[in-house]
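Look through the sequence and the model before reading on. The paragraphs below go from a hairpin to a helix and then to the core.

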Amino acid sequence: MSNHRWIAIFIGLLLSLLALSACTGPPPIRGWSGFAIDKNTLYLGAMDGRILGLSQTGRIQNLNFPAQGEWEFTPRVTVRSSGLGCAPAPTTSATYGTPGLSGDLVYVATYEGKVMAIAAQTGSLRWVYPRETGEHLGNIVGAPVVTGETLYVASSDGKLYAFDTTYGDRRWEFATSGRIWATPVVSGDIVYTGNFEGDGYAISAKDGKLVWSIKAGAAVASVSAGKTGPVLFGLFNNQLHAFDPRNGSPQWQFQGGNWFWAPPLVSDGTVFAPCLDGSLYAIDAASGRQLWKYDAGSQLDSSPLLYSDKLVVVSQVGDIHLVNVKDGSEAKKIALGAEVQAPPAISGDMLFVHARTQWAYGINLKSGEVVWKFNTTPPAR
Amino acid sequence: MNLWNTIVLEPVLNVLLALAGMLFNNFGLAIIVLTIVIRLAMTPLTNRQTRSSKAMTELQPKMQELQRKYKRDQRKLQQEMTQLYKQAGISPLGCLWPMLIQFPIWIGLYQAVMQAMAANPEDLLALSQHLYQWSLVQQGVPAQQSFLWLNLAYPDSYMVMAILTGGTMWIQQKMVTPPATDARQKQMTQMTTLMMPLMFGLFTLQFPSGLALYWVVSNIVGIIIQYINGGWGYLRAPAVQPVLVPQKPPEKK
C-alpha cells in the first residue's frame, strides 16, 4: 500500500475518533438527593435520574424491586445535539434536593430545571412546570419546600418561585441578582433565600413581595431559620452570619474553617452548624458564642439531625457520628464504608443514608447495624 | 496526586480566584490576565525553544547529506552528527527541555480553570478542599460564569470560540513550522498543522467555554510573541520545493 493511502487512512481514523469524542462530552452529573419519609415509604431521587418510592417492609425483606407499594418514575428529558450531526443524547436529569412531601403528592425539582408533582401511591406524574417539553427553569440545586398549599423552589436563574401544590400553577416569582443554590426556608409568613451575589432576602410567602434584603458579604451557600432566633446565612467566606428575622439587622458573625455548605440545625436556642472543615459547631443563637466543637474528621456536607438527646451527623467518608447535644462528646460512631454527600433522614430509630455508590442504607441507630441496603441502580433488563 | 495539587494546581487555582476577586469577580478577565502573565513569564523558555528548533531546521540539509553519505555506517553517522551539533553549538535536546518545564504549568493552568469554573454542585464542593484562606479567594468563589456572550461553564453555542481556538492555533503553528524539504515529511507536517487546530476546535464544542477562552488567549499571546521575535515567520514563507536527490548517471559499459 502506498504512503499516501496509509496517511489517508490515518487521517480518516483520527477524524472519526475526534468526531466521536466531540459527541460524548463531559461525564454526566449524578445529584445527591436525600429521603422524604411517609410512614412506611421512602422517596428519593436516584443518581441515574429516576425518582423512587421504596417500601421499608420490602427493603427489610429484600424483595425484588418494585415490591408492593414501590414504584419508579423517570422524568421526561429533553434531547440535545451539539449541532455537528451528533446523535441526540438525553440531558442529565439529576436530583440534588430532597423531595418534598404533602398529602398524596411527592414534589421533585430536577437539576435540569423542571418541577414536578408525583402521586405518592403510584408514582404517576400529576403535574410538571414548565409544562412544555424543552422549556425549563434554571438549574435547581436546593430542595423544594412545601408549606400549606404552596411549593417554593429556588433556581440558578436567580428566581424564587411559588407554585400551587395541587395544580402546579405559578403563584408568584421573585427575581434576585444572582444564582440561588441554597434551599429556601419558610418561617411563619416569610420565605428566606440567598444568592451567589451575596444577597440575602426575606420575601412575603403570600405574595412574593420583598420584606427586607441584606448584603451578606460573600456568596450564600445555605440558609437556615428556627421558629425563634436569628436567620442564618452560611457563606463561601467561611462565615456564618445571623440576622434579625424582623428587619434583617445584623446580630453576629461566626468564623469557621471552611464553607458552611449545609444549613445549620437550630434547636432550643442553639445553632448546630456543620462545616466543610469537618467540624460540627454548637453556637449560642443569641450571642454567636461557640459552645462546643465536634471534630468529625472529614467534611460535613449535610445538616445534623436530632435524635433524642443526640445529634446525628454523617461525614463525607461515610462515618455516622452520634454526638451528645449537651457537650459535643461522641456517643457512638458507625462506619458505613461508602462516601456520602446526600442529607440523611431519621424515622424512629432508623437512619436512612443515600451513598455515592448509589446504595441506599437503613441503619438502626440503637444497635448500629445496617438493617437493609438497596442498590438504586436499575437491574439489567 | 496530593503533591501535584500542593505544588502546581492549588497555587495556580488560588491565584486565578484571587485575580477574579480583584477584577470585580469577573472570572473571564481573570482567565485572560493569568494566561497572559504566565505566557509572558514563559517567554524566555519559549524563545529558547524556538531558537533551538530554528537552528535544528537550518542544519537539516547538512544532516540529510550526512545521512546519505553514511547510510551503511550508523556508528560513523552518529559521530559525524555529534560533531555537527558541536560545531553549530546546539544540543538536540535544546528544544525539548524548555517544553518540559512549561508543560506542568500549562497542565496546572488548564486544571485550575476547569476546577475554578465549578460548573456543577459536585465540582463546587470539591473546590472547597483546594482553597487558601485568602479573603480575595473567598470573594472570587463561586466564579462568575457570564463573560461577554459566554457562559464560561458551558460550551459556546455560537461556535465562535471553536473557530477562534482552531484558527489561532493554526496561525501559531504555521508561524513556527518550517516548510519541509522532503515530500513525505511535508505531508506529515501538513497533517499535524491541520489536525491539532481541528482537534482543539472540536473539543471546544464540548468543554466549558472558560477553557476555550484560555486556549484562545494563550494562542494569541503566542502569535504576538512569535511576531515580535521573527515577524510572520513561516506563515508567509513560500512553499519549498522538495529536495531532489541527484541520481548517479548509469555507468557506461
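In the hairpin of β8(A) and β9(A), which residue takes a positive phi near 105 degrees? That residue is A:G113, in a hairpin with five residues between the strands. This is a predicted model, in which local features need pLDDT of at least 70, side-chain atom pairs count only at pLDDT 80 or more, and totals for chains, interfaces and linings use all residues. Residues are numbered from 1 along each chain as its sequence is written, while chains are lettered from A and ligands numbered from 1 in the order in which they are written.

Start with strand β8 of chain A, residues 105-109. Strands here are DSSP runs of E with at least two residues, helices are runs of H or I with at least four residues, and both are numbered from the N terminus. Strand β9(A), residues 115-119, runs antiparallel to β8(A), and five bridges join them. Two strands count as paired if DSSP finds at least two bridges between them. Across this pairing, A:V108 stands opposite A:M116.

Strand β7 of chain A, residues 100-102, also pairs with β8(A) in the antiparallel sense, over three bridges. Here A:S102 has A:L105 as its bridge partner. The hairpin of β7(A) and β8(A) has two residues between the strands, and A:G103 takes a positive phi near 60 degrees.

Is β8(A) mostly covered or uncovered? Mostly covered: five of its five residues are buried. A residue is buried if 20 or more other C-beta atoms lie within 10 Å of its own, exposed if 12 or fewer, and partly exposed in between, with C-beta atoms placed from the backbone. A:L105, A:Y107 and A:A109 lie on one side of the strand, with A:V106 and A:V108 on the other.

Chain B has ten helices and two strands. Of its 253 residues, 34% are buried. Helix α8(B), residues 160-176, has 17 residues and should span 24 Å at 1.5 Å a residue; its end C-alpha atoms are 25 Å apart, which agrees. The expected span is 1.5 Å times one less than the number of residues. Buried residues in α8(B) include B:M161, B:L164 and B:T168.

Finally, the largest nonpolar core has 153 residues. Such a core is a set of buried Ala, Val, Leu, Ile, Met, Phe, Trp, Tyr and Cys residues joined through C-beta atoms within 7 Å. A:L235 and B:L16 are among those with the most contacts inside it. Helix α1 of chain B, residues 2-22, gives the most to this core, with nine residues.
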